[in-house]
Amino acid sequence: MKKQTSIFSIALTSLLAAAVIAGCGTGNQSGAGQAPAQPQAGQEQPSGEKKTLTMATSADYKPYEFHDLTSGKDEIVGFDVDIAKYIAKELGYEVQINDMNFDGLVPALQTNRADFVMAGMTPTPERQKNVDFSEIYYDAKNTIVSKKESNLTKPDQLAGKKVAVQLGSIQESAAKELAKTATGLQITSLNKTGEIVEEVKTGRVDAAILEDTVAKGFVESNPGLQYTTIESNEKNGSAVAFPKGSTHVKEFNDVIKKMQENGEMDKLIKKWFGQ
């Protein structure tokens, strides 16, 4: 009987000890060796930290967004960047900028890798199926960029020519539409505007279609090039893109409207476009 009691006591003691150890483990599952999870785009920041919004862009579109090395370090600056920082400050956020190819911007919103996109993006009906947009904050026009001696200044003169555009851009859509009437027009789609201009300079393409403010900057630094505005009744304005159903659309619109009314938008337009 004593032997049985002793065995029972030992077993009970072992069970109690195991329970205590298990209890301690449960209270520290996220403890030693495990870093706290970092919030993704669109998620709340831990208490006490500054709220951050992730902006996706394609930083090859001067003066909207581009890499500036003049300070000795690589910084993404430009018209869109200044607007984004102004809006973020007004709303109590900081901005983290992620650079990627233009055709990856909408997918970045769809996969929650960005809270918003600013990249001189036009709210076309096709894009509006996949993302939401703010009100247009700046309007622009398409241009034909070519060598001065080429005499390519009108859309109908591009028939039978090779024309470069940015992949996924409104200019690519415009070129595809133009190809329906300009017989033999061949479209070359590239990721970077710098590559597009280089193709024109070297003669690998006959012309390019770029936004006027972007074309102006490249022509000023390349005297052998010219650009001519393509007259159109359609607007190619730029707007901020968001994931579908984003709660940031209204608050961004409110600040954009404020910037247009208090002169801040005009100030930035003059700073970056000289208008």
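Visitor: Which helix gives the largest share of the lining of the largest pocket?
Guide: This is a predicted model, in which local features need pLDDT of at least 70, side-chain atom pairs count only at pLDDT 80 or more, and totals for chains, interfaces and linings use all residues. Residues are numbered from 1 along each chain as its sequence is written, and side-chain values use heavy atoms, with hydrogens and water left out. Helices (H or I, at least four residues) and strands (E, at least two) are DSSP runs, numbered from the N terminus. The largest share of this lining, 5 residues, comes from residues 170-178, helix H5.

Visitor: How much space lies in the largest pocket?
Guide: On a 1 Å grid over the protein atoms alone, a pocket is an open set of points with protein on both sides within 12 Å along at least five of seven lines, whereas a cavity is a set where a 1.4 Å probe fits but cannot get out; lining residues have an atom within 4 Å of a point. Grid points are joined across faces, edges and corners, and a volume is the space filled by probe spheres set on the points. The largest pocket has 18 lining residues, and those nearest its centre are Asn142, Ala174, Ile230, Ser232 and Glu234. Its space comes to about 450 Å³.

Visitor: How many residues in the lining of the largest pocket are nonpolar?
Guide: Ala, Val, Leu, Ile, Met, Phe, Trp, Tyr, Cys and Pro count as nonpolar, Asp, Glu, Lys and Arg as charged, and the others, Gly among them, as polar. This lining has 5 polar and 6 charged residues, and the number of nonpolar ones is 7.

Visitor: Which elements give two or more residues to the lining of the second largest pocket?
Guide: The second largest pocket holds about 360 Å³ of space. Of its 16 lining residues, Thr124, Glu126, Arg127, Gly168 and Ser173 lie nearest the centre. The elements that give two or more residues are helix H3 (105-110), helix H4 (125-128) and H5.

Visitor: How much space lies in the largest cavity?
Guide: A search of the whole structure finds 1 cavity of 30 Å³ or more. Residues lining the largest cavity include Tyr61, Phe102, Met121, Arg127 and Glu211; by class, the lining has 5 nonpolar, 5 polar and 2 charged residues. The space in this cavity is about 50 Å³.

Visitor: What is the relative direction of helices H2 and H9?
Guide: Helix H2 (residues 79-91) packs on helix H9 (residues 264-273) at an angle of about 155 degrees, and their axes are 10 Å apart. Axes are lines fitted to C-alpha atoms, for helices over the stretch in contact, and angles run from 0 to 180 degrees between N-to-C directions. Angles under 35 degrees count as roughly parallel, over 145 as roughly antiparallel, 65 to 115 as roughly perpendicular and the rest as oblique. Therefore H2 relative to H9 is roughly antiparallel.

Visitor: Which residues of H2 make the contact with H9?
Guide: Contact means heavy atoms within 4.5 Å. H9 takes part through Glu264, Met265, Leu268, Ile269, Lys271, Trp272 and Phe273, and H2 through Phe79, Asp82, Ile83 and Tyr86.

Visitor: Which residues of H2 make the contact with H8?
Guide: H2 and helix H8 (residues 248-262) pack at an angle of about 110 degrees, with axes 10 Å apart. H2 is therefore roughly perpendicular to H8. On the H8 side, the contact is made by Glu251, Phe252, Val255, Ile256, Lys258, Met259 and Asn262, and on the H2 side by Ile83, Tyr86, Ile87, Glu90 and Leu91.

Visitor: Which residues of H9 make the contact with H8?
Guide: The axes of H8 and H9 come within 4 Å and cross at roughly 75 degrees. H8 is therefore roughly perpendicular to H9. H8 supplies Ile256, Met259, Gln260 and Asn262 to the contact, and H9 supplies Glu264, Met265 and Leu268.

Visitor: Which residue has a positive phi although it is not a glycine?
Guide: Most residues other than glycine have a negative phi, and most peptide bonds are trans. The loop between H3 and strand E6 (116-117) contains asparagine 112. With a positive phi of about 65 degrees, the residue in question is asparagine 112.

Visitor: Which two residues does a cis peptide bond join?
Guide: Proline 63 is found in the loop between strand E2 (60-61) and strand E3 (65-68). With omega about 10 degrees, the cis peptide bond joins lysine 62 and proline 63.
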